[in-house]
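Take your time and find each part as it comes up.

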Amino acid sequence: MVWDTVTEQQFLERLDTSPKFRDKVRRRVLSAELIAMPENLAETSAQLAKLSKEFSAFANEQRTINTELRTDVAELRTDVNELKEGQAEIKNTLKRIETDVGELKGNAAYWIALSRYDEILEDLNLECVRLLGREDLTKMVRGFGANKFEWGDRRSFYRADLVMEVTEVQDPDTTRYVAVEASYTGAHRDTSRAIRNAEMLKRCTGHEASAVVASVRNDRDIQPVINAGRVTWFQLNPADFQAP
């Protein structure tokens, strides 16, 4: 068969007018993959549309979860901050209580030492002549010359826990003095004050003076001072601190 213009025109007309013929030509010309492509594309598009819908739903759900999570995190941070504030308040309260208890123990130690002054002197082999009050100490320092001592030392000296004028048991004519600092737990502050007060008594009176720390127990750092004999330790009885 000779292919000419008329034949080509008839072929084209047949393609335009006969779907079956056009389908046959397409099957001859195109591969199976190309023929199936429209259907595959339609199926792929449907799957993509389904995935897009599912992803949108997931994204919305995730946004909701993220919002709730941010809210939970913010609430958790608030709770943590409130907890920290509560802990800080508890620590401050405990610190105040500890300070108050320390002051109460210190006051109790003072009164117990005062009530045991005769026992303190017995340990030192001394006899009490009199207990010196603030007025006595003030007159003593002023008579010696107040400007010879620092104001802070004078002020602390006037507040000494216990100062006694004493005599020796074996020599009643010998005047001495004893400076006592009382505390539940003897510390460097107590030994320093007792030693300083004893030195001030010695300077003001010209008589020997002994430093004493009265406590239930002591910090380790003051033991060398006690061992060196610069301070005498009088141990208070813990039972005396118990409520009756």
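Two strands pair if DSSP finds at least two bridges between them. With that in mind, a hairpin joins strand 2 to strand 3 through six residues. Please remember that this is a predicted model.

In which order do the strands of the open sheet lie? The order is 1-2-3-5-7, which makes five strands with mixed pairing. Strand 1 (126–132) and strand 7 (232–235) are the edge strands, each pairing on one side only. On average, neighbouring strands of this sheet are turned by 30° against each other, direction ignored.

Strands of a sheet pair through backbone hydrogen bonds, either parallel or antiparallel. Both kinds can be found here. Strand 1 and strand 2 run antiparallel and are joined by six bridges; in this pairing, C128 stands opposite V166 in strand 2. Strand 2 and strand 3 also pair in the antiparallel sense, over six bridges. Strand 3 (residues 175–182) and strand 5 (residues 209–215), however, run parallel, with six bridges between them.

A179 is a handy landmark. A179 in strand 3 is the bridge partner of V163, and A211 in strand 5 is the bridge partner of A179. Is strand 2 largely enclosed or open to the outside? Six of its seven residues are buried, so strand 2 is largely enclosed by the rest of the structure.

## Helices on the sheet

Now look at the helices that lie against these strands. Helix 4 (residues 117–124) lies across strand 1, strand 2 (162–168), strand 3, strand 5 and strand 7, and runs at about 140° to strand 1. Helix 5 (residues 134–144) packs on the sheet as well, where it touches strand 1, strand 2 and strand 3. The direction of helix 5 makes about 90° with that of strand 1.

Between helix 4 and strand 1 there is a loop, and N125 lies in it. Most residues other than glycine have a negative phi, and most peptide bonds are trans. N125 is not a glycine, yet its phi is positive, at about 60°. With 40% relative accessibility, N125 counts as partly exposed.

What covers the buried residues of helix 6? The cover includes helix 5 and helix 7. The buried residues in helix 6 are R154, S156, F157 and Y158.

Start with the helix 5 side. The axes of helix 5 and helix 6 come within 9 Å and cross at roughly 145°. Here R134, L137, T138, M140 and V141 in helix 5 meet R154, F157 and Y158 in helix 6. By class, the residues of this contact are five nonpolar, one polar and two charged.

Then turn to the other partner. The axes of helix 6 (residues 151–158) and helix 7 (residues 188–205) come within 10 Å, crossing at roughly 95°. From helix 6, D153, R154, S156 and F157 take part, and they meet R193, R196, N197, M200 and L201 in helix 7. The contact of helix 6 with helix 7 has three nonpolar, two polar and four charged residues.

## Three serines to find

S156 lies in helix 6 and is buried, with a relative accessible area of 14%. Not counting residues up to four places away in sequence, S156 touches R193 and R196. The side chains of S156 and R193 are joined by a polar contact of 3.3 Å.

S192 lies in helix 7. Is S192 buried or partly exposed? Because its relative accessibility is 31%, S192 counts as partly exposed. The side chain of S192 reaches the backbone oxygen of H188 at 2.9 Å. S192 and A211 are 19 residues apart along the chain, and their C-alpha atoms are separated by 9.3 Å.

S210 lies in strand 5 and is buried, with a relative accessible area of 15%. Which side chain makes a polar contact of 3.0 Å with that of S210? The partner is R176. Leaving aside neighbours within four places in sequence, S210 is in contact with R176, Y177, V178, A179 and A198.

Technical notes
Residues numbered from 1 in each chain as written. Predicted model: local features only at pLDDT ≥ 70, side-chain atom pairs only at ≥ 80, totals over all residues. Heavy atoms only, no water. Axes fitted to C-alpha atoms, helices over the stretch in contact; angles between N-to-C directions. Helix = DSSP H or I, 4+ residues; strand = E, 2+ residues; numbered from the N terminus. Contact = heavy atoms within 4.5 Å. Nonpolar A, V, L, I, M, F, W, Y, C, P; charged D, E, K, R; others polar. Buried < 20%, exposed > 50% of the residue type's maximum accessible area, 1.4 Å probe, protein only. Polar contact = N/O pair within 3.5 Å; in protein donor to acceptor, adjacent residues only side chain to side chain.
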